Amino acid sequence: MAQAGTGNRPLSPHLQIWKWGPHMLVSILHRVTGNGLAIAGLAALLWWLGALASGPEAYAVLSGHASAWYGRVVLVGISWAFFSHMASGLRHFVLDIGAGYELGANRLWSILSPILGIVLTAAFWALLLLR
Amino acid sequence: MGNGTSIGRVRGLGAAKAGTHHWLLQRFTAVGNLLLVLWLVVSILLLPNLSFATVSQWISNPLPATAMALLIISSFWHARLGMQVMVEDYIDGANRLAVIIALNLIAFAGAAFGLFCVIRLALAGA
C-alpha cells in the first residue's frame, strides 16, 4: 500500500518558485558545504594521513599538490566549507532547542552565519601564512 | 490525515519507523566534530610547520593520535548520516538502496583506512 501511487502525489513548490531570502541561502549552503566536506574534506584528510603513514616520498607528492595554486584553491575551499558548515550548524543547534524563530532574529543569524564562515576562513589562513 | 492503526499508535514510530535516532546521532556526532575539528584547526596553527618530520612526530604522541582517531570516527559517522539525507531527498527506488549500500561501504572503508594510518603512525613513532 505504501508503494501505491507514490509517483502521483502533489509536489511542493521547488526552489525557483520562491523569492530568495537569507534563510534559503543558509539552508542550501549548509547542505552544499556538508556534502562537499564529506567528499572533498574527508578525501583530503585521508590523503594527508595516508601520506604520513606511507613515508616522506608520498608526503612530498602531497605537499607539491597542496602548495600549487589548484591545491590552495581546494584547501581554501575545504576550510571555507568547514567554517561555514560550523557556523550554520551552530545556528541549527539554537533552532533545535526551539529558539531563534522570530522573524528578525532568524533573518539576522541567517545573514551572519555565512559571513562568520568567511571571516573565520580568512582568519585561519592569515594565522597560518603569517606565523 | 488519519491517526494510523491501533498498534501503530501504540508503537509511536510514525510512518518512517525511524528518524529520531538518526536525527539525534547527527547532533551527537556534530558536537564531536565541533570539538575535534577545532582541535585539529588549533593544532595545525600551533605546529611550527607542516613538514613530514614535524607532523609525523606530533601525530605519534598518544593524545594527538587518540584525538585524530576520534575525529575520524565522528566525522565519517556524521558524513554518512548527512549524505544519507541527501540521497533520500534526490534518489528514488532501487537506485536509492544501491547508493546507500555504496555509501555504507565507502564510509566504513574510509574510516578504517584513516584509523589504520593513525595506528601505524602512533606505533611506529618516537
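## Buried or exposed

A residue is buried if 20 or more other C-beta atoms, placed from the backbone, lie within 10 Å of its own C-beta. With 12 or fewer it is exposed, and in between it is partly exposed.

Ser63(A) shows how this works. Ser63(A) counts as partly exposed because 16 other C-beta atoms lie within 10 Å. This serine sits in helix H2 of chain A, residues 56-67. The C-alpha atom of Ser63(A) is separated by 19 Å from that of Phe124(A), which is 61 residues away along the chain.

## The model

This is a predicted model: local features need pLDDT of at least 70, side-chain atom pairs count only at pLDDT 80 or more, and totals for chains, interfaces and linings use all residues. Residues are numbered from 1 along each chain as its sequence is written, while chains are lettered from A and ligands numbered from 1 in the order in which they are written.

## Chain A

Chain A has four helices and zero strands. Helices (H or I, at least four residues) and strands (E, at least two) are DSSP runs, numbered from the N terminus. In order from that end, the pattern of chain A is α-α-α-α.

The C-alpha trace of chain A spans about 55 × 40 × 30 Å along its principal axes. Its radius of gyration, taken over C-alpha atoms, is 20 Å. A compact globule of 131 residues would have a value near 14 Å, by the rule of 2.2 Å times the number of residues to the power 0.38. Of the 131 residues in chain A, 25% are buried.

Two residues are in contact if their C-beta atoms, placed from the backbone, lie within 7 Å. Take the contacts in chain A with a separation of 6 or more: 77% of them join residues 24 or more positions apart.

## Where the chains meet

The contact between the chains takes 20 residues from chain A and 23 residues from chain B. On the chain B side, the elements giving two or more residues are H2 (20-46), H3 (52-59), H4 (62-90) and H5 (93-124). H5(B) gives the most, with seven residues.

## Helix H4 of chain B

H4(B) has 29 residues. From first C-alpha to last, H4(B) reaches 42 Å, close to the 42 Å expected at 1.5 Å a residue. That expected span is 1.5 Å times one less than the number of residues.

Buried residues of H4(B) include Met68(B), Phe76(B) and Arg80(B). What covers the buried residues of H4(B) includes H2, H3 and H5 of chain B, together with helix H1 (22-54) of chain A.
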